[in-house]
Amino acid sequence: MTTPSLKIHDTLSREKRDFVPQDEKNVRMYVCGPTVYDKAHIGNARPVVVFDVLARLLRHMYGEGHVTYARNITDIDDKINARAHERGISIRDLTDQTIEVFHADMAALNALPPDVEPRATDTIDEMIEMIQVLIDKGNAYAAEGHVLFNVPSMDDYGRLSRRKRDEQIAGARVEVAPYKKDAADFVLWKPSDPDKGEPGWDSPWGYGRPGWHIECSAMSKKILGETFDIHGGGLDLIFPHHENEIAQSRCAHDTDVMANYWMHNGYLMAEGEKMSKSLGNFYTVNELLEEFPGEAIRLLLLKTHYRQPLDFTKEGLAEAKRELDRFYRAVEVFNSALNEHPQLQ
């Protein structure tokens with residue numbers, strides 16, 4: 001049987017391309033998951049639902065046992081450290097509690113769990129190993145307990161975001177530090193202070209913790225290999241996160257690509273403005289589920305093309321629920337008619 005065709009809009013090439021997996025018996029997709037310091041908001045839910053649909057489609061096309069969908073958990077981050085300190089609990093307790101709520105909320109949206117869900121803290125050895133490879137190849141350097149990626153060492157850095165040099169520096173929100181060789185260089189490893197409750201691990205560069213970007217490079221390589229088919233996430237991750245993932249992975253593995261296709265879902269607005277607690281338009285999935293069924297939230301997230309911006313409103317959610325109610329009533333009428341007139345079946 002011929003496999004149906006699928007076209008994917010690839011962010012790297014800015015083109016719609018026919019999807020051709022590296023191996024039809026082993027289709028591989030990696031999607032950036034949550035940083036688990038607080039309950040997931042509706043913007044966090046959009047990529048979960050979007051790539052859940054894609055994973056289902058890939059399984060339909062290539063077979064249940066021939067698709068590996070990996071979505072990570074970031075459980076080491078400065079926001080996590082701060083929130084755990086604020087609540088007076090351990091970092092592990094905070095992340096375990098948050099992950100449990102996240103899983104329940106996403107299940108309520110009828111999003112299937114990924115095939116593999118690595119935690120960053122379970123992949124520290126692989127991160128240290130990759131960082132050492134980058135140092136040995138001249139793509140990274142150690143300085144004052146930090147290790148930084150040397151951006152000028154990669155000739156085509158910036159291809160994904162297509163940002164000019166000054167835009168890269170301004171947009172990366174990188175720390176200005178005297179030990180940097182270049183303003184655009186970004187952190188792979190940084191020192192931790194146990195007296196401040198900062199988590200850390202022993203490394204060749206001292207007691208410390210990884211930078212955000214190296215986490216996904218190490219986790220995706222461990223699960224899916226040096227190159228794989230699809231890398232997904234929100235549009236906000238293109239720069240600097242995904243740009244830096246590409247730099248780390250390609251330089252470490254001497255490959256032309258990290259992933260063959262890059263997919264990004266659009267931004268989410270709330271009540272016509274950027275979502276924020278101060279504006280009163282900040283909605284967590286958990287609180288929305290107290291008012292609306294998860295399937296209504298899922299429908300609303302899927303009513304807009306995945307690459308387009310979505311303005312999330314409670315009125316739009318209420319309308320999605322009304323649409324579902326009309327659909328279910330129609331199904332009930334249809335099933336009732338079939339029961340009364342079995343000859344129609």
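Tutor: On a 1 Å grid over the protein atoms alone, a cavity is a set of points where a 1.4 Å probe fits but cannot get out, while a pocket is an open set with protein on both sides within 12 Å along at least five of seven lines; lining residues have an atom within 4 Å of a point. The model is predicted: local features need pLDDT of at least 70 and side-chain atom pairs pLDDT 80 or more, whereas totals for chains, interfaces and linings use all residues. Residues are numbered from 1 along each chain as its sequence is written, and side-chain values use heavy atoms, with hydrogens and water left out.

One cavity of 30 Å³ or more is present. The volume of the largest cavity is about 100 Å³, taken as the space filled by probe spheres set on grid points joined across faces, edges and corners. Its lining has 16 residues, and Leu12, Arg159, Ile246, Arg250 and Asp256 are the nearest to the centre. By class, 10 of the lining residues are nonpolar, one is polar and five are charged; here Ala, Val, Leu, Ile, Met, Phe, Trp, Tyr, Cys and Pro are nonpolar, Asp, Glu, Lys and Arg charged, and the others, Gly among them, polar. Helix H7 (238–253) and strand E10 (259–265) each give at least two residues to this lining, with H7 giving the most, four residues. Helices (H or I, at least four residues) and strands (E, at least two) are DSSP runs numbered from the N terminus.

The second largest pocket has a volume of about 300 Å³. Of its 17 lining residues, Val50, Leu54, Met263, His305 and Tyr306 lie closest to the centre. Strand E1 (7–10), helix H1 (42–62) and helix H9 (294–302) each contribute two or more residues to this lining, and the largest share, five residues, is from H1. The lining of this pocket comprises 11 nonpolar, three polar and three charged residues.

One residue links these parts of the description. Asparagine 265 belongs to strand E10, an element that also supplies the lining of the largest cavity. Asparagine 265 has a relative accessible area of 3% and is therefore buried, the cut-offs being under 20% for buried, over 50% for exposed and partly exposed in between, with a 1.4 Å probe and protein chains only. Neighbours within four places in sequence aside, asparagine 265 contacts (heavy atoms within 4.5 Å) Arg46, Pro47, Val50, Phe51, Gly233, Gly234, Leu235 and Tyr306. Val50 and Tyr306 are also among the residues closest to the centre of the second largest pocket.
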